[in-house]
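Please look over the chain shown here before reading the briefing that follows. The notes are grouped by topic, so that each can be checked against the coordinates in turn.

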Amino acid sequence: MEKVKYLVLGAGPAGLAFASRLKQNGEDSFLVLEKEKEAGGLCRSMKVDGAPLDIGGGHFLDVRRPAVTEFLFGFLPEAEWDSYDRDSKIAFDGGYIDHPFEANIWQMGPERQKEYLDSIAEAGCNRGVEMPRDFVAWIDWKLGKKIAEDYMLPYNEKMFGANLNRLGTYWLEKLPSVSYGETKLSCEKKRPYGSQPGHARFYYPKKYGYGEVWLRMQGKLEAEGKIRLGVSAKRMESVAGGGKCVVCDDGSVYGAKRVVTTVPWAEWDAVDGMPQELWEEKGRLCHSSTQIEYISETLDTKAHWIYYPQREISYHRILVRHNFCPDSKGYWTETNKERVEPENGRFRYMNEYAYPLNTVDKPQIMGKLLGWARANGIYGLGRWGEHEHYNSDLVVERALALADVLTASGDGKG
């Protein structure tokens, strides 16, 4: 059994950033295990039709976390990235408006603007009505019935599935916030008001897909023998005297004082010592799967991505590759697995684990799970280790912070 101080499971942005930070902090006793033949997780890229395509969907490097960009530029220098001001659209009424919807109804005709303004004015949050707990009712309460019915509900059904009330409302306050007053002001001033969504400005590699930065990290770890590819952790067992033993699908066994797991909890066949009740609760965690499909047509738009709330269209958004990936053409669609249409001969890639779902009981389950895990030398990290819909920049930030705390504390109890 090969033994290390830190065993890192999964070589997506979380695992790679954590491992690379350990190295920067002078820690050399670690190993990364990755089930795929290439690192990057949901941020991997492939060359399709002569140019990069991000097979996990649209991923970009947000500029809002300078410490993260500085860290990543250490692997893929800033000179190898282009920066963009976000241009995202919503396909609506036979045309397009900017995203987010409620901040840009001023781009519609006067009658349409009045319909939505009147509906927002009647929203429960603007009339002092108590906030509801059901997802569908919350959307109506927050944005008004018109935006709910025309945009938010159909779009979220396409992205997360038809049963929206299995989702909680605790995460919705993170959405861009635009008040009635700001919406009205935007119609008067002909410009958006209120907070804007993430990636308002972002980086994307000049010559590569987003997966390149993670491949650079993989290369450095490979050069030092710190990563094993094509190895999937399946069982975790306790070791006499402390520590953990991880058994993989190929029969290989690794021992570690601490395990940092970035893989979906559903992928474990067994975790020694986990209470049966917690194991069963873990089984209630939900996720959605998405298919990426490439279409070679070059679109007449400057948008980087476009949202499609129309139920009759299978996909929920497209990424317009030729507007952020130089010397490319075409676009790719993102479609919930439940809505995928029959095979058509185009390039397709299915991501079984695309988005963790914010179900009603998820906070309680993850609170118990992560608390038990940490008490037992296991650290959940990233989109899947924490079962949170984190963007890659936030994942890296959390990975760096965890590595700094653990290496500073020395005993992993920080």
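**Two aspartates with positive phi**

Asp-49 sits in the loop that links β3 (45-48) to β4 (51-54). The model is a predicted one, and in it the phi of Asp-49 is near 55°, a positive value in a residue other than glycine. With a relative accessible area of 40%, Asp-49 counts as partly exposed, because that value falls between the limits of 20% for buried and 50% for exposed.

- Asp-327 likewise is not a glycine and has a positive phi, in this case of about 60°.
- The loop that holds Asp-327 runs between β17 (317-319) and β18 (331-336).
- Asp-327 is exposed, since its relative accessible area is 79% and the exposed class begins over 50%.

**A cis peptide bond**

- The peptide bond that leads from His-99 to Pro-100 is cis, and its omega is near 5°.
- Pro-100 belongs to the loop between β8 (95-98) and α3 (110-121).

**Overall dimensions and composition**

- The protein contains 11 helices and 20 strands, and its C-alpha trace spans about 70 × 50 × 45 Å along the principal axes.
- Of the 414 residues, 54% count as buried, while the protein exposes about 17800 Å², of which carbon and sulfur atoms supply 48%.
- Among the contacts in the protein with a separation of 6 or more, 70% are accounted for by residues 24 or more positions apart.
- There are 55 positive and 60 negative side chains in the protein, and the centres of these two sets lie 2 Å apart.

**Strand β13 and its partners**

- Strand β13 (residues 253-261) is largely enclosed by the rest of the structure, because 7 of its 9 residues are buried.
- Strand β1 (residues 2-9) pairs with β13 in the parallel sense, over 7 bridges, and within this part of the structure Leu-9 stands opposite Thr-261 of β13.
- Strand β12 (residues 244-248) runs antiparallel to β13 and is joined to it by 4 bridges; the bridge partner of Lys-244 in β13 is Ala-256.
- The hairpin of β12 and β13 has 4 residues between the strands, and Gly-251 in this hairpin takes a positive phi near 90°.
- Strand β20 (residues 378-380) runs parallel to β13 and is joined to it by 3 bridges, with Ile-378 in β20 as the bridge partner of Val-259.
- As background to reading such pairings, side chains in a regular strand alternate between the two faces of the sheet.

**The open sheet of β5, β9 and β6**

- An open sheet of 3 strands has the order β5-β9-β6, and its pairing is antiparallel.
- The edge strands of this sheet are β5 (61-62) and β6 (81-85), each of which pairs on one side only.
- The antiparallel pairing of β5 with strand β9 (residues 201-205) extends over 2 bridges, and the bridge partner of Asp-62 in β9 is Phe-202.

**Asp-393 in helix α11**

- Asp-393 lies in helix α11, which covers residues 392-409.
- The relative accessible area of Asp-393 is 1%, so the residue counts as buried, the cut-off being under 20%.
- Apart from residues up to four places away in sequence, Asp-393 touches Leu-61, Asp-62, Arg-65, Val-68 and His-199; among these, Asp-62 is also the residue whose bridge partner in β9 is Phe-202.

**Phe-160 in helix α5**

- Phe-160 lies in helix α5, made up of residues 145-160, and counts as buried at 9% relative accessibility.
- Ala-148 and Phe-160 are 12 residues apart in sequence, and their C-alpha atoms are 15 Å apart in space.
- When neighbours within four places in sequence are left aside, Phe-160 is in contact with Arg-166, Leu-167, Trp-171, Asn-336, Tyr-355 and Leu-357.

How values were computed. Residues are numbered from 1 along each chain as its sequence is written. This is a predicted model: local features need pLDDT of at least 70, side-chain atom pairs count only at pLDDT 80 or more; totals for chains, interfaces and linings use all residues. Side-chain values use heavy atoms; hydrogens and water are left out. Buried means under 20% relative accessible area, exposed over 50%, partly exposed in between (1.4 Å probe, protein chains only). Contact means heavy atoms within 4.5 Å. Accessible areas come from the Shrake-Rupley method with a 1.4 Å probe; for residues, only the protein chains shown count as cover. Lys and Arg count as positive and Asp and Glu as negative; His and the chain ends are not counted. The place of a charge is taken as NZ of Lys, CZ of Arg, CG of Asp or CD of Glu. Two strands pair if DSSP finds at least two bridges between them.
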